[in-house]
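Colleague: Could you take me through one part of this model slowly, beginning with a single helix and then moving on to its surroundings in the chain? I am new to this, so please go step by step.

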Amino acid sequence: MPKLPTLEPTVQIEDDRTAISVEALRRAVLDNLFYIVGARQQGASDQEFFTAVAYTVRDRLLARWLATWDCYKKQDVRVVCYLSAEFLMGPHLANNLLNLQIEGSMRQAVSALGRDFDQILQQESEPGLGNGGLGRLAACYLDSMATLGVPAIGYGMRYEFGIFHQQIRNGWQVELTDYWLRYGNPWEIRRPHEAVEVGFGGYTETGTDSAGIYRVRWVPASVVKGIPYDTPILGYRSGIANDLRLWKSEATDSFYFDRFNSGDYQGAVAGKTFAENISKVLYPNDEEIQGKELRLQQQYFFTSCALQDMIRLHLRVGRSIETFHEKWAIQLNDTHPSIGVAELMRLLLDEHGLNWENAWEITSHSFSYTNHTLLPEALERWTLPLFAALLPRHLEIICEINTRFLNDVRKHCDGDEGRISRMSLIDEQGEKYVRMANLACVGSHRINGVAALHTDLLEKEVLRDFYELWPQKFINVTNGVTPRRWLAVSNPEQAALMTRHIGDAWIGNLEELKRLEAFAEDAAFRADWRKVQHSVKVRLSQYISEVVGVSVDPASMFDAQVKRIHEYKRQHLNVLHILTLYFRLKHKPDVEITPRTFLFGGKAAPGYMIAKLIIKLINSVGEIINNDPDVKDRLKVVFLPDYSVSLGQKVYPAADLSEQISTAGKEASGTGNMKFAMNGALTIGTLDGANIEIRDAVGHENFFLFGLTADQARSRLSEGYRPRSIYESNPFLREAIDSIASGQFSDGDRGLFRPLLDQLLESDPYLLFADYQSYVDSQDRVSDTYRNQETWSKMAILNAARMGEFSSDRSIREYSQSIWRVQPITGLP
């Protein structure tokens, strides 16, 4: 970069903004503290210092970001557009420092300014723009795409309020507002000049254009603006910085002066209120019709913004609209953005004047669809009246797609009306619905599951009709997680131990961890491994004491289950095992037992009462066990409130045992299982989701298996499953259930947990009772193995060493080759 003429002493602009020496970083932090934050070094708070550090790091991202997009334009690349309703990015600062390779220099610079670097890191507000695995997977994939040089834009929503903060009061979950923007967001750049307009409601008009061609015009009842906010996502050692573009909704006219002057003060800002509500909060409670309507508004809003943006970028460089699908690969991350199929058709037909055949050719070759669920209730549907009122033109397009599609189906199904009914985009059984998963399947050229079992079940059950019609569309891409955040950033002690013995190439190529296998037989290395693990557990123990107020022994086995609270994930099966251990101690207080600290974490959807009751049960059981003198601290039960990416970074490295105990055939993949195993935790789990592939990779002897298979679970339920008979015949299970029913863990209130117990005794849809004894037996094997720390350490090292294939880098390579047909860029300056 050329120097600008300045007064002496000469200041090199490049050095001020991009240099990475300790002195340059120290000077840059002070400059940003003074000129951007408006504070002096002596009186600045830690939050102000964090902001200055973040802007200093962002400066060093921007040159790479601009160079990346210049290179993309020069090479005329095909760009991946990852559409996701959630992006659970986690704190940016530590990850960016790692990827820039300046963590050590910045630590020294901050220390030279008299500040505690680790304390500064803790100041970052975490953007809670996701509910769990879906949003975190999207974040991992953005990291890997930038690391591998895959041209990409992540498109989503800039929610003003993220997933709620969770407090535990008297054992119950309480939801509090997550105002993650309270101190601003130094990583993002607002782009108001790139705004687009999005319509809702209204009606359609038909007519012919000047060439006599039939056209439809949508006249929306209301229009909002989508304002993009860009965040650079830097790859590890790649120099590539891709874009996360999140959309905020604003009013086209935020204030109606005439209404204000006439005394209509609420009406003066009504448009602003309507528009801003769309991006106000992540996942509003959709038990009421207003909540359902807002969720559909959100999904259409960000998807329309993204597609309009792609078309604008496509045309801006002089391309023809007819080549759109050649330059854009649009990935639907689950069904939330599947309205994009109808929206792209609308844009091509109504705004750009293409005929139906050409528009469909472009649309169906642009989209690919990742399914993330096997639960029928998670395959989104919208009632026809709601859809028609909100998106009338899109309903017309969907009906036309459906007519043409079903005509093709009839040619292949020999009059099978049941199949035609199941595959229709409109569910006409009773109240009519638009089936969004069906729309995604019809409008996409590729459909993938996220674990081998999941894809198999999609093909055989959930999407069987579509698979039989289009087997060539279906492919599996097992999920992965980024080793940068989930090992290098989260577990620096273990990362340093690995690097000392095999170098640091594993950070960019996780398969390199395979070289650790040789050290599993090395007694000195195993001792170092245990020492590192103990220090990490001590740190988590201190956190638990400060936040939860429970004292735990870091020498005990840390047995962790942290994930969204849901019945199929079976946190309550874990509780039944805890009660079984507890009553062993009560009956024989001197019995030998492996000390355990049971760690739970996760949020329940605000309207999901059974899940919230499970949280209450966990806390109620913990309250009794943690204070029972007969237990003598051999068992502790801890619920970690407000589970998040930041908290996960504390838990995954500290866990000895990973609980992956969902009912077989219910979990699509899981990624927590990968994060735990990558850090050396052993897994107890069912043959569900990616557990199967993890078990095959780490070795069956290094995985604690229990429970029914997916086929066995399905057969058990279909053959007249009677959970009460298992309860009556198993004295240990009966003792655990009866203790809850008696009010022993609810201050004598026999009715508190009755809804949960009645469901288990009468139907038990997730087969807790069927898997109970197998689970307890497997847990006994866990306890026996943990007593031999040499054996446990060896198994832990082998788990970590064999997790290379579960890097998100491998997943992205598979998507790039088999679905997106994109090549990594070359020639970046």
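Modeller: Happy to! Let's start with helix α2, where the buried residues are Ala24, Leu25, Ala28, Val29, Asn32 and Leu33. Keep in mind that this is a predicted model. Now look at the length of α2, which covers residues 22-37. Its 16 residues should span 22 Å at 1.5 Å a residue, and the C-alpha atoms at its ends are 21 Å apart, which agrees.

Strand β1 (residues 79-83) is joined to β2 by four bridges, and the two run parallel. Within that pairing, cysteine 81 stands opposite isoleucine 153 in β2. Strand β2 (residues 152-157) also pairs with strand β10 (residues 241-251), again in the parallel sense, over five bridges. There, tyrosine 155 has arginine 245 of β10 as its bridge partner. How many of the six residues of β2 are buried? Six of the six are, so β2 is largely enclosed by the rest of the structure.

Arginine 182 is exposed, because its relative accessible area is 52% and the cut-off for exposed is over 50%. From arginine 182 to leucine 83 is 99 residues in sequence and 26 Å in space, C-alpha to C-alpha.

Next, find the open sheet of three strands, ordered β13-β15-β14 with antiparallel pairing. β13 (381-383) and β14 (426-427) are at its edges with a single partner strand each, so one side of each has no neighbour in the sheet. Two bridges connect β14 with β15 (residues 433-435), and isoleucine 426 stands opposite valine 434 in β15. Helix α18 (residues 436-443) lies across β13 and β15, at about 40° to β15.

Finally, let's look at a pair of helices. α24 (residues 571-587) and α31 (residues 731-741) pack at about 95°, their axes 9 Å apart, and are therefore roughly perpendicular to each other. On the α24 side, Leu576, Leu579, Phe583 and His587 make the contact, meeting α31 residues that include Leu733, Glu735 and Ile737. By class, this contact has seven nonpolar, two polar and one charged residues.

Note on methods. Residues numbered from 1 in each chain as written. Predicted model: local features only at pLDDT ≥ 70, side-chain atom pairs only at ≥ 80, totals over all residues. Heavy atoms only, no water. Axes fitted to C-alpha atoms, helices over the stretch in contact; angles between N-to-C directions. Parallel < 35°, antiparallel > 145°, perpendicular 65-115°, else oblique. Contact = heavy atoms within 4.5 Å. Nonpolar A, V, L, I, M, F, W, Y, C, P; charged D, E, K, R; others polar. Pairing = 2+ DSSP bridges. Expected span 1.5 Å × (residues − 1). Buried < 20%, exposed > 50% of the residue type's maximum accessible area, 1.4 Å probe, protein only.
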